[in-house]
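Hello,

Here is the structure I promised to pass on to you.

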Amino acid sequence: MIKKVHLEFTIGDFNQLDQIKKMRQIVFVGKSNVGKSSLINTLMNKKNLAHTSNSPGKTQTINFYNIEEKFYFVDLPGYGYACASKKKISDWGKLIEKYLTQNKFIDLIFLLIDIRHTPGENDKLMCDWLKFYKFDLIVIATKLDKIKTSQTEKNIQTIREKLDLEKEIILPFSSKTKFNRDKILDLIKQKISSEK
Ligand SMILES: Nc1nc2c(ncn2[C@@H]2O[C@H](COP(=O)(O)OP(=O)(O)O)[C@@H](O)[C@H]2O)c(=O)[nH]1
Ligand SMILES: [Mg+2]
């Protein structure tokens with residue numbers, strides 16, 4: 001489905017936010033190391049266009065991947081990076097808040113949660129905040145390959161409870177096995193082809 005992609009621009013400072021083009025955006029957000037870049041690569045069918053890393057907190061910029069000149073995949077810097085300074089955390093908050101609230105082109109937000117772990121305080125804050133602003137929200141439970149199949153339902157239920165989710169979709173996903181890749185692409189396609 002997706003053939004022509006490139007990293008079009010990155011934003012590291014909120015003074016640059018007005019440079020964002022008026023093109024539709026699909027946003028990926030979550031804790032550092034949860035698998036955002038891996039998911040984006042899997043969807044784009046690229047090995048490492050979105051840089052993945054074992055050292056959390058590496059991506060500190062908002063990265064815009066141009067998908068066939070139609071829309072962007074937006075890789076947000078991860079939150080909850082334990083070693084980040086107070087200044088860094090506050091800069092992160094300002095940048096993300098401004099990006100998310102001053103932008104009418106966001107169609108859909110994927111919130112990523114590691115399927116192995118109970119959502120933390122930052123996940124809950126992020127989720128509540130996204131619900132408050134009434135974004136279309138889909139939760140992706142990442143790293144499905146790291147748990148036993150028999151655990152899947154229970155862990156998804158825990159995520160649903162901890163994040164107070166009702167009708168929101170929670171999809172288990174693995175960038176290793178590509179489980180649910182096509183389903184996620186379908187949901188994106190539906191969104192992009194619908195009128196705003
Ligand atoms: N086994 C497994 N590892 C994953 C998966 N997704 C990401 N990872 C690994 O988790 C680490 C962080 O992934 P990355 O995509 O960089 O996370 P980000 O910080 O959220 O962008 C990397 O070492 C990835 O290889 C997955 O579905 N399965
Ligand atoms: Mg990343």
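Let me begin with Leu165: leaving aside neighbours within four places in sequence, Leu165 is in contact with Val139, Arg160 and Ile170, where contact means C-beta atoms, placed from the backbone, within 7 Å. Leu165 sits in the loop between α4 (152–162) and β7 (169–172); helices (H or I, at least four residues) and strands (E, at least two) are DSSP runs, numbered from the N terminus. Lys131 is 34 residues away from Leu165 in sequence, and their C-alpha atoms are 9.5 Å apart.

Before going further, please keep in mind that this is a predicted model: local features need pLDDT of at least 70 and side-chain atom pairs count only at pLDDT 80 or more, while totals for chains, interfaces and linings use all residues. Residues are numbered from 1 along each chain as its sequence is written, and chains are lettered from A and ligands numbered from 1 in the order in which they are written.

Now the sheet. Seven strands make an open sheet of mixed pairing, in the order β1-β3-β4-β2-β5-β6-β7; two strands pair if DSSP finds at least two bridges between them. At the edges are β1 (5–11) and β7, each pairing on one side only. From one strand to the next, the twist averages 25°; axes are lines fitted to C-alpha atoms, for helices over the stretch in contact, and angles run from 0 to 180 degrees between N-to-C directions.

β1 pairs with β3 (residues 62–67) in the antiparallel sense over six bridges, and Val5 has Ile67 as its bridge partner in β3. β3 and β4 are also antiparallel, over five bridges, with Asn66 opposite Tyr72 in β4. These two strands form a hairpin with three residues between them, and Glu68 in the turn has a positive phi of about 50°. On the other hand, β2 and β4 pair in the parallel sense over five bridges, and Val27 has Val74 as its bridge partner in β4. Four of the five residues of β4 are buried.

What lies across the sheet? Helix α1 lies across β1, β2 (24–30), β3, β4 (71–75), β5 (106–114) and β6 (137–142), running at about 155° to β4. Eight of the nine residues of α1 are buried, so this helix is largely enclosed by the rest of the structure. The cover over those buried residues includes β2, β3, β4, β5, β6 and α5 (181–193). Just after α1, Asn45 takes a positive phi of about 65°. Helix α4 lies across β5, β6 and β7, at about 145° to β7.

Helix α1 also matters for the ligand shell: three residues, the largest share of the shell around ligand 1, come from α1 (residues 36–44). In total 19 residues surround ligand 1, and the closest are Gly35, Lys36, Ser37, Ser38 and Thr52; a residue is near a molecule if its C-beta atom, placed from the backbone, lies within 6 Å of it.

Lastly, the largest nonpolar core has 38 residues, with Phe28, Phe73, Val74 and Leu111 making the most contacts inside it. Such a core is a set of buried Ala, Val, Leu, Ile, Met, Phe, Trp, Tyr and Cys residues joined through C-beta atoms within 7 Å. β5 gives the largest share of this core, five residues.

Best wishes

Notes: Two residues are in contact if their C-beta atoms, placed from the backbone, lie within 7 Å. A residue is buried if 20 or more other C-beta atoms lie within 10 Å of its own, exposed if 12 or fewer, and partly exposed in between; C-beta atoms are placed from the backbone.
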